[in-house]
Amino acid sequence: MEKLCIEEKYWEYKGIPFCVITEEDIDVNLAKNLELIYPYYWWDIDRGYSQKKVKGLIEEFKRLILEGDSAMGAVTHMEQKYEWEERMGISFLYYMIAHKAVRVDLSQELDIRNIKINLEE
């Protein structure tokens with residue numbers, strides 16, 4: 001406890017707010033979901049895709065959702081159209097979530113079969 005008091009004084013001196021976070025303060029689903037999508041943040045770079053190409057892929061995915069496809073339907077469509085290996089479409093979906101190109105409720109468990117996509121900005 002003494003160490004925490006010293007740390008608090010140090011950060012206050014630096015003008016930085018200090019607080020202690022415990023496991024009880026963290027939303028378990030949110031933490032698991034962030035851990036799940038984080039590795040896909042660089043999906044585009046790992047594949048050598050330009051920002052222009054990725055923007056087109058995102059727009060196509062959104063169009064499929066607006067036309068009534070489920071997230072899995074859109075993912076499957078794109079895997080087939082672009083001859084991606086299996087699960088690359090899911091990787092792309094996680095990339096979009098990580099970059100907030102599509103919105104999902106990260107406080108709920110991500111169930112890829114029933115994921116609800118929100119396209120509103």
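**View 1. I45 sits in helix 3, which covers residues 43-46****.** Helices here are DSSP runs of H or I with at least four residues, strands are runs of E with at least two, and both are numbered from the N terminus. This is a predicted model, in which local features need pLDDT of at least 70, side-chain atom pairs count only at pLDDT 80 or more, and totals for chains, interfaces and linings use all residues. Residues are numbered from 1 along each chain as its sequence is written, and side-chain values use heavy atoms, with hydrogens and water left out. Is I45 buried or exposed? With 58% relative accessibility, I45 counts as exposed (buried is under 20% relative accessible area, exposed over 50%, partly exposed in between, with a 1.4 Å probe and protein chains only). From I45 to D27 the C-alpha to C-alpha distance is 30 Å, and the two are 18 residues apart in sequence.

**View 2. Helix 1 and the glycine that follows.** Helix 1 takes up residues 2-13, twelve in number. From its first C-alpha to its last, helix 1 reaches 17 Å, close to the expected 16 Å at 1.5 Å a residue (the expected span is 1.5 Å times one less than the number of residues). Just after helix 1 comes G15, with a positive phi of about 80 degrees.

View 3. Most residues other than glycine have a negative phi. R87 is not a glycine, yet its phi is positive at about 75 degrees; look for R87 in the loop between helix 5 (71-81) and helix 6 (88-98). K100, also a residue other than glycine, has a positive phi near 60 degrees. K100 belongs to the segment after helix 6 and, at 54% relative accessibility, counts as exposed.

**View 4. Stepping back to the whole chain.** The C-alpha trace spans about 60 × 30 × 25 Å along its principal axes. How many of the 121 residues count as buried? The share is 31%.
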